[in-house]
Amino acid sequence: MRIFEAAPEPMSLRWDGEELEDVLGGFRRWTADGTERPGTWEPPYPFDQAVYSPSGRWMVVYQRDRPHALLLDGRDVVRVLDREFVEDFDRGSPAPALATLPDGREVLFTPSICLKIEDLVAGKELTYLNHHMVGMRDFHRLTPSPDGRRLAAAECKYSNWGELRVYDVVAGLADSSHFVGDGLIPSTATADGQVGSVCWLDADRLAVAMTGWQYGIRPPEQLGPWELGVWSFTEERWLHRSPATESWGTIVAVGGNRVVALDRHPRLVDATTGEVLTQWPEVTLPEDDAPYGRLLYPVTAVDPDGTRLAIGSETGITVLDLG
């Protein structure tokens, strides 16, 4: 484990080879030995959120509680993004997502009271669903699969957050009504509980961590409170289910079957068994049993080979060696 000094605290992180970069800090960087190099870009607004494309080419920077957002191609500003689809900035705006579709097109997903998918290179809108078309649902957190084929979405109706839907993006682009239904996971798989966090282990398997909240009588096929499950879309079932007695918090995929759970302190977990492989109790994190779709997530970056996880906080950057 290594600790890098960072002042002010980073609000975004990504790996660029052996170095870490904070786009929201003006593209400031940290070398492998923790030396910080100052940023060279002055953002036009006090952005506090950033998302990146799998290729590393595109970025969206935005303000969580304001309408300001920019699409960047590398360090070049491409355009100001239309965020009129967000009605209530007081409760925070949903996070956009970037993905590469199976046909190679790089796309932008913009959520909230609509779902819009846009071709980044062509600047062309591929599909758009408004509030009434999606049955008064709000899309809050979008998590594309590594191959861009599927899209996990945190949805809420009115004030209830934590509902999980997963859609086939290719099918949705051919017929937008696909995004109106329950998606690819049966509603009974999670419906009476509250999903806390999800992450893709690979293009087929989705890890799902539940919160401790539960209501009603739970059917046997549904994950229980604090249970960790791995769903296969090929087999259309839970491959693995691991009970627990405490929160997982946000889970981050770090390669193979492994995830890091970020509640109170980091824990490296085998998602297929629930076994804690390694933990770092000396690294203090906030307590987190909030639902999927929460507005604030830990600032993290996994290097491409899954051997390092960087976690940003007010005390600096912690780099965990995952092996």
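Me: Is Trp231 buried or exposed?

Reply: Trp231 counts as buried, because its relative accessibility is 4%. One thing to keep in mind as we chat: this is a predicted model.

Me: Good to know. How many aromatic pairs does a search of the whole structure find?

Reply: The search turns up five aromatic pairs. One of them is Tyr167 with Phe179, an edge-to-face pair with 5.4 Å centre to centre and 70° between the planes.

Me: Which parts does that pair tie together?

Reply: Tyr167 is in strand β16, while Phe179 is in the loop between α1 (169-174) and β17 (193-200), so the pair links parts that are twelve residues apart in sequence. Tyr167 counts as buried because its relative accessibility is 0%, and Phe179 is buried too, with 0% relative accessibility.

Me: And what does Trp231 form with Trp238?

Reply: Those two form an edge-to-face aromatic pair, at 5.1 Å centre to centre and with 90° between the planes. Trp238 has 11% relative accessibility, so Trp238 counts as buried.

Me: Back to β16 for a moment. Where does Arg165 lie, and is it buried or exposed?

Reply: Arg165 is part of strand β16, which covers residues 160-168. With 12% relative accessibility, Arg165 counts as buried, since the cut-off is under 20%. The Arg165 side chain also makes a polar contact of 3.4 Å with the side chain of Glu163.

Me: Nice. Which rings do Arg294 and Arg308 lie over?

Reply: Arg294 lies over the face of Tyr297, 4.7 Å from the ring centre. For Arg308 the ring is that of Trp15, and the distance from the ring centre is 4.2 Å.

Me: Switching to the core: how many residues are in the largest nonpolar one, and which have the most contacts inside it?

Reply: The largest nonpolar core has 18 residues, and Leu164, Leu206 and Val208 have the most contacts inside it. At least two residues of this core come from each of β15 (150-157), β16, β17 and β18 (205-214).

Me: What is Leu164 in contact with, leaving aside neighbours within four places in sequence?

Reply: Leu164 is in contact with Ala152, Ala153, Ile185, Val195, Val198, Leu206, Val208 and Tyr292. There is also a second, separate core of 15 residues, and Ala99, Phe109, Ile117 and Leu142 are among them.

Me: What about phi for Phe27 and Arg264?

Reply: Phe27 is not a glycine, yet its phi is positive, about 70°. Its place is the loop between β3 (19-22) and β4 (28-30), and Phe27 is buried, with a relative accessible area of 3%. Arg264 is not a glycine either and has a positive phi of about 70°. Arg264 is found in the loop between β22 (258-263) and β23 (265-270), and at 35% relative accessibility Arg264 counts as partly exposed.

Me: Last one: what does Pro286 touch, apart from residues up to four places away in sequence?

Reply: Pro286 touches Leu262, Asp263 and Arg264. Pro286 is in the loop between β24 (276-279) and β25 (299-302), and it counts as exposed because its relative accessibility is 63%.

How values were computed
Residues numbered from 1 in each chain as written. Predicted model: local features only at pLDDT ≥ 70, side-chain atom pairs only at ≥ 80, totals over all residues. Heavy atoms only, no water. Helix = DSSP H or I, 4+ residues; strand = E, 2+ residues; numbered from the N terminus. Buried < 20%, exposed > 50% of the residue type's maximum accessible area, 1.4 Å probe, protein only. Polar contact = N/O pair within 3.5 Å; in protein donor to acceptor, adjacent residues only side chain to side chain. Phe/Tyr/Trp six-rings, centres within 6.5 Å; stacked < 30°, edge-to-face > 60°. Lys NZ or Arg CZ within 6 Å of the ring centre and 35° of its normal. Core = buried A, V, L, I, M, F, W, Y, C linked by side-chain atoms within 4.5 Å. Contact = heavy atoms within 4.5 Å.
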